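Here is a friendly tour for someone opening this structure for the first time. Please have the sequence and the 3D view at hand as you read.

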Amino acid sequence: MLTKRIRNWFGITLVALTYTACSVPTLVQKSENRTVPASFTNSQDTTNTAQARWKDFFTDPYLVSLIDTALHNNQELNITLQEIEIARNEVKARKGEYLPSVGLRAGAGVDKVARFTNIGALEATTDIEPGREMPEPLQDYLVGAFATWEVDVWHKLRNAKKAAVNRYLSSVEGRNFMQTNLVSEIANSYYELLALDNQLAIVKQNIEIQNNALRIVRLQKEAARVTELPVRRFQAQVLNTQSLQYEIQQKITETENRINFLVGRFPQPVQRNTQDFARVTPKAVSAGVPAQLLANRPDIRQAELDLAAAKLDVQVARARFYPSVGISAGVGFQAFNPSFLLKPESMLLSLAGDVAAPLVNRNGIKAVYASANARQIQAVYNYERTILNAYVEVANQLAKISNLEKSYDLKAKEVEALTQSIDISNQLFTSARADYMEVLLTQRDALESRFDLVETRMQQLNAMVNVYRALGGGWAP
């Protein structure tokens, strides 16, 4: 009889399974495209600067100290570390869902039923043992262990746990990507600070040159060789340059405070290299091949892990169409008197299994399944977009490095020519062979050219930092 019931039970389960499996909706899915160009600049050299640790890539001890402090104190980075901890706990929670749940239970109660009911009538005519009636009110004591377990037949729970693992790993890659951006932002701000220091020194030198020119033109005016007009024009030029000095000092303060914010401290002077900025030459960068971006860039690996988690979410949503199998069991002692709890007659055992399959109102499950599939397609597009963006970033920075190198050489020659022209114009003006406007224009052009040269050098250093970041460098410890 029992065997027949078991066969009937499995038969009903099989029918439900067949129904649900055949009625899972078919959705259009999309596979990711991992293809990248063979090279950046027709070179197949696999030497890649991104594989260098940031402590080896940056050699300035002041910059290294700033980055090291920021990696410990930066608030945004520490917030991300807590997100990683949250993701790790989610993995533990998902893992616990497909393991049996076991608990202890103890209870006590009292119950009195009405005499003129079926239960009351039965208890009134029932003896616990010969000559001993059922106590009234009836006490109840229970001690036992109970367990429940959902049998993960369709890997729904295990896939959910794997998805949580992928999201945890994704959060780790997100932290690495944030570190690469933090390292590059501090380095760029540091080089900007060095450039501003150099521009401030140039302005002070020009103020001295212009003051000397103003002194000469005043002497010439006293000798009646020139009028008051060139005196006023030279004086205005000095005042304009002095005003520029304070603008640069304000930029220095703001840049220092930006670095202090990234480092996670209140405003204070930033220690830095005081050598001539022109001697800070960019380091040569090797880009390797584009395929290395898939392994080196944390944001690409993060998008890849998010995609893997989204695919598992689709499998989890699909498994909801199938029957769920649960098992529950219990063992313990229950009696109306504590003195009877440990007697064999008070022992209770229970073992039950159940199968539940969605048959009616499946629209909610279909909607969850369709949404999971849509998020998976989104993850595919995000993964492909991240790869494309990485390639474009590297290509842009490599072109920028090449063009800035040529531009710097030309601007250096321009500065040299204009610097020489200042002495020539001053000599010609002293001997009355040149107009004062030529002197003013020459000084202005020389100042602008030196500023442009410093700006170009800073852009070269920034391009070096940015291509290092774009290649995926800066996150390795």
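Two strands pair if DSSP finds at least two bridges between them. Strands (E, at least two residues) and helices (H or I, at least four residues) are DSSP runs, numbered from the N terminus. This is a predicted model, in which local features need pLDDT of at least 70 and side-chain atom pairs count only at pLDDT 80 or more, while totals for chains, interfaces and linings use all residues. Residues are numbered from 1 along each chain as its sequence is written, and side-chain values use heavy atoms, leaving out hydrogens and water.

**The sheet**

- Strand β4 (residues 138–151) is joined to β5 by 11 bridges, and the two run antiparallel.
- Within that pairing, Val143 has Phe333 of β5 as its bridge partner.
- Strand β5 (residues 324–335) also runs antiparallel to β6, joined by 10 bridges.
- Here Ala329 stands opposite Leu351 in β6, and Gly332 has Leu348 of β6 as its bridge partner.
- Overall, 4 strands form an open sheet with antiparallel pairing, in the order β1-β4-β5-β6.
- At the edges are β1 (101–111) and β6 (347–356), each pairing on one side only.

**The helix pair**

- Helix α3 (residues 61–73) packs with helix α7 (residues 228–263) at an angle of about 50 degrees, their axes lying 7 Å apart; axes are lines fitted to C-alpha atoms, for helices over the stretch in contact, and angles run from 0 to 180 degrees between N-to-C directions.
- The contact (heavy atoms within 4.5 Å) involves Leu66, Thr69, Ala70 and Asn73 of α3 with Ile259, Leu262 and Val263 of α7.
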